[in-house]
Amino acid sequence: MGAALLAVGLELLIGIVIGLIVTVIGLFFGNIIVFDSIALAILAGFLSHGLLGVHPALAIVIGITVLLGLLLLHRTRPGFWIIGALLSLLWGIIFSSMAYEFSGKDMVWTYVVLALGTIAVFALHLRARS
């Protein structure tokens with residue numbers, strides 16, 4: 001009986017994790033502006049608490065403020081172009097650093113993935129904006 005409950009619980013946990021992963025991937029490709037804003041808001045909250053020692057409740061307020069600020073900035077023309085370009089470049093750098101490690105430190109792969117990753121993510125930004 002106990003083993004059966006454990007198996008069902010483990011199966012449920014695996015289903016939840018897979019569902020969360022699919023949701024995050026869908027959000028990334030479906031609306032990267034919202035994904036970027038949420039990711040940066042979470043990062044701002046954690047960093048303000050972890051690095052600056054801000055109280056957890058205030059760190060949550062900081063995260064929410066960053067989220068709302070980024071969403072509002074993305075609605076303006078200059079804000080969209082500046083934030084979209086910088087975050088696209090950041091994603092390109094993240095992808096290229098993975099290519100660098102996976103390719104045995106091959107710089108050709110690194111630069112190609114940097115360029116293609118940045119262009120692809122910027123195209124996602126343009127699609128999300130329209």
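In which handedness of crossing does α4 pass α5? It's right-handed, and the views below start from the whole chain. This is a predicted model, where local features need pLDDT of at least 70 and side-chain atom pairs count only at pLDDT 80 or more, while totals for chains, interfaces and linings use all residues. Residues are numbered from 1 along each chain as its sequence is written, and side-chain values use heavy atoms, with hydrogens and water left out.

**View 1. The protein chain has five helices and zero strands.** Helices (H or I, at least four residues) and strands (E, at least two) are DSSP runs, numbered from the N terminus. Of the 130 residues, 25% count as buried, meaning under 20% relative accessible area, with exposed over 50% and partly exposed in between (1.4 Å probe, protein chains only).

**View 2. Helix α4 (residues 77–102) packs against helix α5 (residues 107–129).** The angle is about 145 degrees and the axes sit 7 Å apart; axes are lines fitted to C-alpha atoms over the stretch in contact, and angles run from 0 to 180 degrees between N-to-C directions.

**View 3. The side chains of E101 and K105 pair up in a salt bridge.** The N to O distance is 3.4 Å, and the rule asks for a side-chain nitrogen of Lys or Arg within 4 Å of a carboxyl oxygen of Asp or Glu. That gives a count of one salt bridge. K105 is partly exposed, at 47% relative accessible area.

**View 4. V17 lies in helix α1 (residues 2–30).** With 41% relative accessibility, V17 counts as partly exposed.

Methods
Left-handed = near helix turned anticlockwise from the far one by under 90°.
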